[in-house]
Amino acid sequence: MELFSPLEKITNNFLPNQFKPAISNLSNLNKVYAATDIPGLILANNSFGYSKSISGQVSGTSISIVSNNGTKTNYSSLASALDDTILNQANPIDYVIYFGAAYSLTSTDQEELSKVTTVNAKGLTFISDSTDNLNTSTTNLDPNANQITLPSILNLSVPTVFRNITLAGSSSIYANGNNLAIRSGAFFTGAINLYGGAKQASVANTSIWIGATGSSTFNIYGGSDGGTVTGNTSLTVTNTSGNNLNIYGGGNNTSTVNGNTNVAFNTNSTNGTFQVYGGGQTNTDKITGTVNVDVTGTNGGILTLMGNSATGGAITGDINVGISGISGNTSVNTIYGDGQASPPSLSTTRIIKVTVNSPDYTFSNDINATAYNLATTNGLLATTIMNINATGVKQISAGADGNDNFTNATTSQNTATINLGSSSASSSNQVTLATNLVHNFTSLNILPYNELDLSATGYIYNGGGIQTNASNYQNNYANFGSLNMYEGSGIVDKSQGGISTTPTAGLQPTNILIQVGAWNVAPNTYLKDYYFSNNWSWVNNYAPIISSNFSQLTKATYSQETQNTSGNYTSQSILTWQPLISRGLNINENNLKSTTAIWGSTGSNFQHMMLIIPVSGQTATKINPVEINGYDQQTGLSYIGDYSPTTINGICANQVVCILGNIRQFQINGTNTSTGAGQWNINPSLSSSSGTNGFIGSSLDKIMPMPLILVIASTAQLIIILQS
């Protein structure tokens, strides 16, 4: 009994309308920058100090003390001003110390300044510009500010603010656990080492807020100089002066942070060198808590961003690295979640996360989870998560920069996940991310309605390198590294994988373009790549794509309209293949012909899609019912997905192809087809009969309101339903 009458011979306009949005032109419109990429990050405190301008309250060249109680002036030294005013008070309030002329702090000044505690003062604000403009956001030297020369060591004993003041001399400044803010108009002309903690002493927590820097090298440490922070560090930089800036969430000289480090960096400076690290400076600077470091905006200069510095290495907690709002004028060096050179001990609870949300920026360097090889013989050293939303990235790795040690055995502990694209993309706002290489992962997720564009030299592979030997792939790489394509997502593979022998010949693959352990697709996904000649692909053990499993993505993290309340897709998965170059333009059809006829083909022409090699110990490959449709947009030709057995290096495998042709007529039991010869069974792995070829897709020659839906009724029968 026939289910429906024969379909007409294939013509143009094969694809139903609902297929087309997935392969339409994508855009980067309507992007929104994240306010912060790390929700748990704690910003430094900037709500303290004398908040009013002292303009009109001071004059002359002497030192003045300003507070809500009035102004006292005509002091010749800081020590005498402190002795006469603040040190005599037992009711702490905020004070301003104003310098009416150039001044150098003496040892006596330092001694008296160290005596000021929260018993005497709520906080001290240092100013040397009598106009004290609170509305300026300049990071340049204040021309009205007098120059104050700092000592080589300056200890602060109460919450302190520097604003509208020029500070000269190279100095190490210790906040000793007190809040410290460097606000607009403050400018340092000498080399500065600034610590939120203490020198070889313990403090509870630290907080440094910076709105300006200076003209020389500025080293900022949230932690201590050889000391300990028993709690957390918070370091927030909101502007710089375009100088050399080195930022560490931890300390140096064998320091310790027992809590978390929190570093936030944002600048409008158009130049400068900015090195931002969440950890300490050396491998003897310990951090036992979580490292949070987030760059939320730049306008130029050179940026280095790592969760831990290259010489650091004593972080035992999680690492969170974020970057967003990057200007195209900024040069960003290679980003590492953990930048230390030496590998840490394996931990099954540690997570290293890198979140990139710069959709209008192209990263010319790599983004990696670690600087060391993540994979070891005992498993992955930590769990890594990469969330990447950008216009382009040179290379993306959930492990090391380059070939890691990923194999079936080394991925037995922890996971390495890469999420590509914008989580806010939709069918009306599709997003593209371009890259040369995505590698070293146990799971690669292309988020809904995002497209991954691989360059002309681009690859996706899940191990230490591309494997051209089927046996080596099966034994070492077939059991991990899933590629998950969520609804509306696509891959455009511009990598030709070889050369054309003549202008009209098919491409000769000389490498694997995509190598994964499993390929799972949701409804309405697509793949675009070049035609490949049948003359060499399977014979030379090369294929555009190698996987051990090709199946429907039955559950997804991201809720879509084609899922039911249980998270299962309610319709057949459909992967649409489309050639990047239309056949007949530069391709000789003879190089695309199979040596044997495959059911349903017209002229026996087909495109190599992928090679399915089973994991070690299994004799059969796994291909779940996944519909594949091919469509050549320029010629209107359509293709049917099919697969057939093949032997590679002595291993039984399946080759998945897209055949030029369409379904015309068939019986319910899969026999007596009007085209092709012999018995034909749809997906023999699910059928009681075994056929030579297993159909996994369909092709229509008319525009239909819905695609064909395949329903397995039993192991003996297959019913095809045409929905209207």
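Which residues does Q340 touch, not counting residues up to four places away in sequence? In this predicted model, the residues in contact with Q340 are N308, S309, A310, G312, G313, A371 and Y372.

Q340 sits in the loop that runs between β29 (335-338) and β30 (351-363). Is Q340 buried or exposed? Its relative accessibility is 2%, so Q340 counts as buried, given that the cut-off for buried is under 20%. The Q340 side chain also has a polar partner: a contact of 3.1 Å with the side chain of D338.

Next, a helix. Within α2 (residues 107-115), the buried residues are D109, E112 and L113. Viewed down the axis of α2, these buried residues fall within an arc of 105°, so they line one face of the helix. The cover over the buried residues of α2 includes the elements in this table:

| Element | Residues |
|---|---|
| α1 | 78-84 |
| β4 | 103-104 |
| β5 | 121-127 |
| β7 | 153-155 |

Finally, a sheet. Five strands, in the order β14-β17-β20-β23-β26, make up an open sheet with parallel pairing. The edges are taken by β14 (202-203) and β26 (314-315), each with a single partner strand, so one side of each has no neighbour in the sheet. Strands of a sheet pair through backbone hydrogen bonds, either parallel or antiparallel. For β14, parallel pairing with β17 (residues 228-229) runs over two bridges. What is the bridge partner of V203 in β17? That partner is V229.

Note on methods: Residues numbered from 1 in each chain as written. Predicted model: local features only at pLDDT ≥ 70, side-chain atom pairs only at ≥ 80, totals over all residues. Heavy atoms only, no water. Helix = DSSP H or I, 4+ residues; strand = E, 2+ residues; numbered from the N terminus. Buried < 20%, exposed > 50% of the residue type's maximum accessible area, 1.4 Å probe, protein only. Polar contact = N/O pair within 3.5 Å; in protein donor to acceptor, adjacent residues only side chain to side chain. Contact = heavy atoms within 4.5 Å. Arc of directions from axis to C-beta. Pairing = 2+ DSSP bridges.
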